[in-house]
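Please read this briefing with the sequence and the model side by side. It goes from the whole chains down to single residues.

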Amino acid sequence: MDVYSWIISNKEIVKIFYALIIVIVCTIIVFRTDKLFKLSLHNGIRYFRNAFFFYGIAFIFRYFIGSGFIVDLFYPEYYFAINILFEFFLIMAGFFLLYSLMWRRFENEKGSFSSLFNVKILVFYLMAITLVLFDFFWATSCFMFLSQIILFFGASIMSYINYKKGGSQRKFSKFHFVAMILVLFGWVLNFLAALYFNWNPAVLINVYIFNMIFFLIFLYGVARITRG
Amino acid sequence: MTRKRERLDVIRDILRSIQENRKIKPTRLLYASNLSPQMFKEYVDELLNKKFVKIDIDPKGKKTFSLTTKGYEFLEEYKVIENFIENFGL
């Protein structure tokens, strides 16, 4: 039995393990960056922290609350709600990550009182809700996929500019760029899997691998820079 | 051309001036910070609110600024914060 077949035949356990690693990674990143934010009150760090907070919540909803243990057994009729929440938090996390790279263009350094409830973020909430509703009514995930592909295409360009600008001073910035490209590939592959490959499990495994590497690269960066 | 000092750089400069002098009078700190009086007041108010600095009043009633533990902690972590912001493009 090859690795792919083994993963496919044990996919429920593998998914839980996959989500568990991502939730742990997000928790570590949120705590580390929250400490830096409280000290510096820097808005970029604040939005970056929010991004991983939302990623963590999204994965908790989809893979723990939405897994066979709770929803499937006791409330199968509410599975759609879990999917809606998962999509909403995932899209918002992407928006926060992108906004952490470009907030300086829209806010002054003092920023807003709240990073979760302000006019700029309200626009993201509205966009996320719209995308989630489109996906719900058309019974697809393509709106989320397309939004994330566009979003991470922009984020990859910004990350590349930052890498080129920093030279050898910013050693992690090239890994940041690699992480952005990987997650972009992940979303493209996910989109193709939904549209052309009928959710082929072998294709999805590659998506999970891309996602996992993305989170691990960020964990590496955060741990290395914060000396952990 | 030198780049404009960012908020964090200004805070670091103010805290370093206080650290170097241990206790510093407001007027001397204003000169050292290289800020306009209005901007200086905004930054000092922020640092007092964040409890990075404290005001000491001597028996003659003169005010001086000194660093708190949180202020020292910020100076130690400043390099980490700067590194983080630059590497993640924030």
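Predicted model: local features only at pLDDT ≥ 70, side-chain atom pairs only at ≥ 80, totals over all residues.

Residues are numbered from 1 along each chain as its sequence is written, while chains are lettered from A and ligands numbered from 1 in the order in which they are written. The predictor gives the complex an ipTM of 0.86 and a pTM of 0.86.

**Chain A as a whole**

- Chain A has 9 helices and 0 strands; helices (H or I, at least four residues) and strands (E, at least two) are DSSP runs, numbered from the N terminus.
- Along the sequence, the pattern of chain A reads α-α-α-α-α-α-α-α-α.
- The C-alpha trace of chain A spans about 50 × 40 × 30 Å along its principal axes.
- Of the 228 residues of chain A, 38% count as buried. A residue is buried if 20 or more other C-beta atoms lie within 10 Å of its own, exposed if 12 or fewer, and partly exposed in between, with C-beta atoms placed from the backbone.
- In chain A, 71% of the contacts with a separation of 6 or more join residues 24 or more positions apart. Two residues are in contact if their C-beta atoms, placed from the backbone, lie within 7 Å.

**Helix 7 of chain A**

- Helix 7 of chain A covers residues 142–166, which is 25 residues.
- From its first C-alpha to its last, helix 7 of chain A reaches 36 Å, close to the 36 Å expected at 1.5 Å a residue; the expected span is 1.5 Å times one less than the number of residues.
- The buried residues of helix 7 of chain A include A:Met144, A:Phe145, A:Phe152 and A:Tyr163.
- Helix 5 (79–102), helix 6 (119–137) and helix 8 (173–195) of chain A are what the buried residues of helix 7 pack against.
- Just after helix 7 of chain A, A:Gly167 takes a positive phi of about 60 degrees.

- A:Phe218 lies in helix 9 (residues 201–225) of chain A.
- Why does A:Phe218 count as buried? The reason is that A:Phe218 has 25 C-beta neighbours inside 10 Å.
- Leaving aside neighbours within four places in sequence, A:Phe218 is in contact with A:Ile29 and A:Ala179.
- A:Phe218 and A:Phe175 are 43 residues apart along the chain, and their C-alpha atoms are separated by 8.4 Å.
- A:Asn198 sits in the loop between helix 8 and helix 9 of chain A, and its phi is near 50 degrees, a positive value in a residue other than glycine.
- A:Asn198 is exposed, because 8 other C-beta atoms lie within 10 Å.

**Chain B as a whole**

- Chain B has 4 helices and 2 strands, in the order α-α-α-β-β-α.
- The C-alpha atoms of chain B fill a box of roughly 50 × 30 × 20 Å along the principal axes.
- Of the 90 residues of chain B, 23% count as buried.
- Chain B averages a pLDDT of 89, and 94% of the residues score at least 70; pLDDT is the predictor's confidence in each residue, from 0 to 100.

**Hairpin and loop of chain B**

- Strand 1 (residues 53–57) and strand 2 (residues 63–67) of chain B pair in the antiparallel sense over 5 bridges; two strands pair if DSSP finds at least two bridges between them.
- B:Val53 stands opposite B:Leu67 in strand 2 of chain B.
- The hairpin has 5 residues between the strands, and B:Gly61 takes a positive phi near 85 degrees there.
- B:Arg22 lies in the loop between helix 1 and helix 2 (26–33) of chain B, with a positive phi near 65 degrees.

**Where the chains meet**

- 15 residues of chain B are in contact with 23 residues of chain A.
- Helix 1 (7–21) and helix 4 (69–87) of chain B are the elements that give two or more residues to the side of chain B that touches chain A.
- Helix 4 of chain B gives the largest share of that side, 9 residues.
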